Amino acid sequence: MASFRRTLSPPYHDRHYQNGEAPVPVPPPSHKPFAASAKPSSASPGFDVCGFLTFVLLGKQPRRSWRRLLYRCLLFFLFGFLFGMTPFGHVNELQAHDFSLDIKPPNVNVNARLEKAIDHPVRHDGFVRESSNLEVGAGVRAKSDGSSDLVPRKQLIVVTPTYSRAAQAYFLYRLGQVLRLVPPPLLWIVVEMNVVSMETADILRKSGVMYRHLVCTKNSTDIKDRGVHQRNTALEHIERHKLDGIVYFADDDNIYSLELFHSLRQIRRFGTWPVAMLAQSKSKAILEGPVCNGSQVIGWHTNEKSKRLRRFHVDMSGFAFNSTILWDPKRWRRLTLHPIRQLDTVKEGFQETTFIQQVVEDESQMEGIPFGCSRIINWHLHLEARNLIYPKGWLFDKNLEADLTVT
């Protein structure tokens, strides 16, 4: 049986046209993906939004020249850039000097900062074992025109011989707290006999002061004065490493004021001052040290007849000197090149004067501090009790039971 197939025609072909109008031919629909973006003939020339979105989102390019799309992208990029640079609202005008590339230091009141640093010194929690001291302090020198220059402070080299005894921890803690308040640079050289004790090393680590912990290896059975050889060990260390600063022998059982350490930095070669101490009866205080006219030494205080034969009447904690005297004899025109050391062969009480005679020739090379030598800035009291028994490591591990219990 034959079948008849009828072709479908578009719906608008069934429309009846009046007045004899001819129908407008319509092309068949296209099945290509970009047919939806075909531009109608009545549209005015301009930017094709649909084509651009198709290109950006789908990555497909409509049927047109790629150069034309590139020009349009560049045109709109330039338009967006200019739109972003256009100022809106109120904008402060920047002056030309605001864009200067010169690095200018901030305006700082140096004098105010120095006064604050002196009133509230910075505390340094670091320490030095056997390395060089790298910390540098600075002071301020005022000029006549009102300006100021930073001047490096002299380093203080404090030498302390110590040994194991009942009050050693108390003395070292007390001296360490005083040295911690002294503005840097300061190096604390602590010398022990034969071996480094763990207790002393622990105190030095917690002191907050830069230090060097040395050991005197001299046989203790062959020496008369332990402190003499401990100080000589420190002097050898200073001379070997050529440490530059003011050397001061500070025994751990003496009492020191901060004014003393501030005054030490004024010393050029050799400085001395009076030291207060208790008499043998412990009932009165006596002075030992220089009598000064300004900073010139013109006489000596002394109260012991046995010591009147000494050339210089100075206590071991009553003088300080420039460390370069030990390792730079040409600078100070020393006549001998023998090392400067304390002597263990002299009578007790004469170690100070025999040592000073190696450093200076007479009182003309000395400086009295403070001005006029009119104030006491350290004490030598000799109040330590002897023959006290203390536990190893200063720790109690027995008899810790309570005698009275809380009910």
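**The start of a helix**

Select Asp225 and Gly227 to begin: Asp225 caps the N-terminal end of helix H6, with a side-chain oxygen 3.0 Å from the backbone nitrogen of Gly227, a polar contact being a pair of N or O atoms within 3.5 Å in which, within protein, one atom must be able to donate a hydrogen and the other to accept it, while residues adjacent in sequence count only if both atoms are side-chain atoms. The model is a predicted one, in which local features need pLDDT of at least 70 and side-chain atom pairs count only at pLDDT 80 or more, whereas totals for chains, interfaces and linings use all residues. Residues are numbered from 1 along each chain as its sequence is written, and side-chain values use heavy atoms, with hydrogens and water left out.

Now extend the selection to residues 226-241, the whole of H6; helices (H or I, at least four residues) and strands (E, at least two) are DSSP runs, numbered from the N terminus. The 16 residues of H6 should span 22 Å at 1.5 Å a residue, and its end C-alpha atoms are 23 Å apart, which agrees; the expected span is 1.5 Å times one less than the number of residues. Among the buried residues of H6 are Val228, His229, Arg231 and Leu235, where buried means under 20% relative accessible area, exposed over 50% and partly exposed in between, with a 1.4 Å probe and protein chains only. Just after H6, Lys242 takes a positive phi of about 50°.

**An annotated position**

Asp253 counts as partly exposed because its relative accessibility is 23%. Leaving aside neighbours within four places in sequence, Asp253 is in contact (heavy atoms within 4.5 Å) with Arg165, Phe171 and Arg174.

**The open sheet**

Colour the five strands of the open sheet, whose order is E7-E14-E9-E10-E11, with mixed pairing; two strands pair if DSSP finds at least two bridges between them. The edge strands, each pairing on one side only, are E7 (255-256) and E11 (296-301).

Strand E10 (residues 285-293) pairs with E11 in the antiparallel sense over five bridges, and Gly289 has His301 in E11 as its bridge partner. Cys292 stands opposite Val297 in E11. Two residues separate E10 from E11 in a hairpin, and Gly294 in the turn has a positive phi of about 75°. Strand E9 (residues 275-278) runs antiparallel to E10, joined by four bridges.

**The nonpolar cores**

Finally, show Ile189, Phe249, Phe319 and Phe321, which have the most contacts inside the largest nonpolar core, of 34 residues; such a core is a set of buried Ala, Val, Leu, Ile, Met, Phe, Trp, Tyr and Cys residues joined through side-chain atoms within 4.5 Å. Strand E4 (residues 186-193) gives the most to this core, with four residues. Apart from it lies another core, of 31 residues, including Val178 and Leu260.
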